[in-house]
Amino acid sequence: SSDLNTAASVKAFNRKQRCGLGAVEFGRRLLPFLTASGMMSYMLEGMEVSGSGVWMIMMAALIVSSLTVFILSFVMDRTRKRSGRSKPWIYSGILLLAVSVLMSMHVPGNAMGARLVYAGIVLFVWSSSVKLLLYPADALIAGMTADTAERWNLASVKGIAGSLAAICAVFPAGRLAAPGIMGADGGKRYVTVFTVLIIIAILTGSFLLKEINIPRIPESQSMSLKNCAGDFKAFLTNRYFLILVVYGCLLMFGTSVFATLTGEYSFWILRETGNAAVMNGIRYGIPLAAFFAVLLLNRKLTKKQCALLGTGIYAAACLLMLVSMKIQPVYYPAFVLGEIGNGFMWAMLWAMEPDVFDHVDYMTGRARAVFPVAFIAAVVSIGGGLAGALRQSLAGFIMNQQNFSGLAEASIRPDGRKQLAVLGFMVIPLVVCGVVALVLRRYGLDEEYGDVWMELDRRGKRE
């Protein structure tokens with residue numbers, strides 16, 4: 001009877017943990033819908049400021065805040081409060097987000113110089129608040145449990161919550177925030193609605209979940225430049241962390257390039273606008289189903305096997321997309337397979353992260369989570385930036401060479417260069433899938449993790 005009660009209490013606790021993480025991730029995934037350019041549009045309303053001037057203000061605020069919070073990630077990793085390691089910083093991020101949005105609604109004075117400086121300060125505070133919500137939230141799984149199977153479940157929940165957030169942002173929240181960022185009020189209603197939703201979701205989730213897997217930090221590893229350099233060395237010399245970094249970068253690069261053909265450039269394959277209902281159904285429904293499928297595969301596959309399965313499915317999507325150039329109806333199944341493979345691969349990246357952080361702790365005695373997720377996020381964003389540059393280069397070359405007036409004309413007029421660009425959007429992700437598979441073959445932590453867990457558990461009991 002006592003064993004049954006214990007099992008029931010563990011299940012109830014895990015459900016509460018999953019609900020808490022899901023709520024935090026739901027709010028976190030709404031953050032990209034709050035854009036710096038949108039806030040600038042109503043803060044500088046009625047002022048004649050050049051586009052380059054606005055861009056420079058935004059870039060300066062974003063870069064300085066990103067560097068500031070990245071440096072703070074070393075402090076976050078050394079935070080040990082009653083509420084946990086990440087949660088105190090998440091609460092700080094919520095407070096700064098609310099303050100920055102309120103500041104953006106009330107811009108004092110009419111002098112251009114004063115308003116520009118004020119807008120820059122608001123953007124700095126806002127961008128810092130976003131990073132304070134992103135990085136600690138990404139480190140939550142590592143702090144919530146040491147059970148590698150439960151980490152798989154939490155990674156799946158993270159994906160499910162993110163998919164629900166995307167649906168909510170486009171449909172119910174999008175209608176509530178109408179007329180959107182370009183409304184007559186400059187987008188104030190839009191920003192207010194999304195800010196309230198984000199704060200409610202993240203605050204609720206933070207109250208529900210508990211960080212119970214936070215190893216203590218020895219006095220010898222307190223905050224200092226030497227210890228920060230030691231953290232860098234510990235992670236950048238760990239083979240599994242480097243595998244994770246390369247995997248994340250390639251994943252973002254390959255999927256971003258391939259996703260080009262599921263947007264406006266679908267003209268170049270279908271020669272017409274894709275069926276909106278079908279496209280939306282695939283874009284918002286299939287990722288949700290994929291993350292549920294990942295949840296069901298727990299304990300049936302290793303994380304490496306599931307990541308390789310996702311890579312294989314994504315490669316099949318690239319091949320089907322190639323076929324769709326001759327058999328157009330195949331385009332939609334290719335889109336579906338791409339979303340399934342995408343879900344599998346991202347879920348396994350999130351599930352692998354805490355295991356790899358434990359391996360670094362096992363090898364070096366450095367229990368860290370916020371700094372490494374911030375580093376991985378930076379590398380993943382580089383992969384996205386490279387994909388954007390490639391996309392613009394391929395599409396821009398075709399449009400400029402042929403003087404097409406738009407995508408519709410480019411899709412109708414036959415041209416060898418256009419076909420070559422379309423092939424690039426398929427072949428490059430296919431090659432990336434091959435490289436990802438080779439990288440993942442060197443990931444052996446699934447087999448080694450039992451020894452890692454036993455040693456870390458022994459250290460915990462000894463301390």
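**Group meeting talk: a ring cluster in a helical chain**

Let's start with the rings. Phe70, Phe74, Phe232, Phe235, Phe241, Phe357, Phe371 and Phe375 are linked by ring pairs into a cluster. Keep in mind that this is a predicted model.

Now step back to the whole chain. How many helices and strands are there? The chain has 19 helices and 0 strands. It runs to 463 residues, and 52% of them count as buried. The accessible surface is about 20600 Å². Carbon and sulfur atoms make up 66% of that surface.

Next, contacts along the sequence. Take the contacts between residues at least 6 apart in sequence. Of these, 84% join residues at least 24 apart.

Back to the rings. The structure holds 19 aromatic pairs. One of them is Phe232 with Phe375. This pair is edge-to-face. Where do the two residues sit? Phe232 is in helix 10, residues 225-236. Phe375 is in helix 16, residues 370-402. So the pair ties together parts that are 143 residues apart in sequence.

Phe375 has 17%, and the cut-off for buried is under 20%. Therefore Phe375 counts as buried.

Phe235 and Phe241 are both buried.

Why do I keep quoting two values for each pair? Because a pair of aromatic rings is described by the distance of the centres and the angle of the planes.

One more ring, with a charged partner this time. Arg239 lies over the face of Tyr240. The distance to the ring centre is 4.4 Å.

Last stop: Thr260. It is placed in the loop between helix 11, residues 239-259, and helix 12, residues 267-270. Its relative accessibility is 5%, so Thr260 counts as buried. What lies 3.4 Å from a polar atom of the Thr260 side chain? The backbone oxygen of Ser256 does.

To wrap up, hold on to two pictures. The Phe232 and Phe375 pair ties helix 10 to helix 16. And Thr260 is a buried residue in a loop between two helices.

Terms used:
Residues numbered from 1 in each chain as written. Predicted model: local features only at pLDDT ≥ 70, side-chain atom pairs only at ≥ 80, totals over all residues. Heavy atoms only, no water. Helix = DSSP H or I, 4+ residues; strand = E, 2+ residues; numbered from the N terminus. Buried < 20%, exposed > 50% of the residue type's maximum accessible area, 1.4 Å probe, protein only. Contact = heavy atoms within 4.5 Å. Areas by Shrake-Rupley, 256 points an atom, 1.4 Å probe, with all protein chains shown as cover. Phe/Tyr/Trp six-rings, centres within 6.5 Å; stacked < 30°, edge-to-face > 60°. Lys NZ or Arg CZ within 6 Å of the ring centre and 35° of its normal. Polar contact = N/O pair within 3.5 Å; in protein donor to acceptor, adjacent residues only side chain to side chain.
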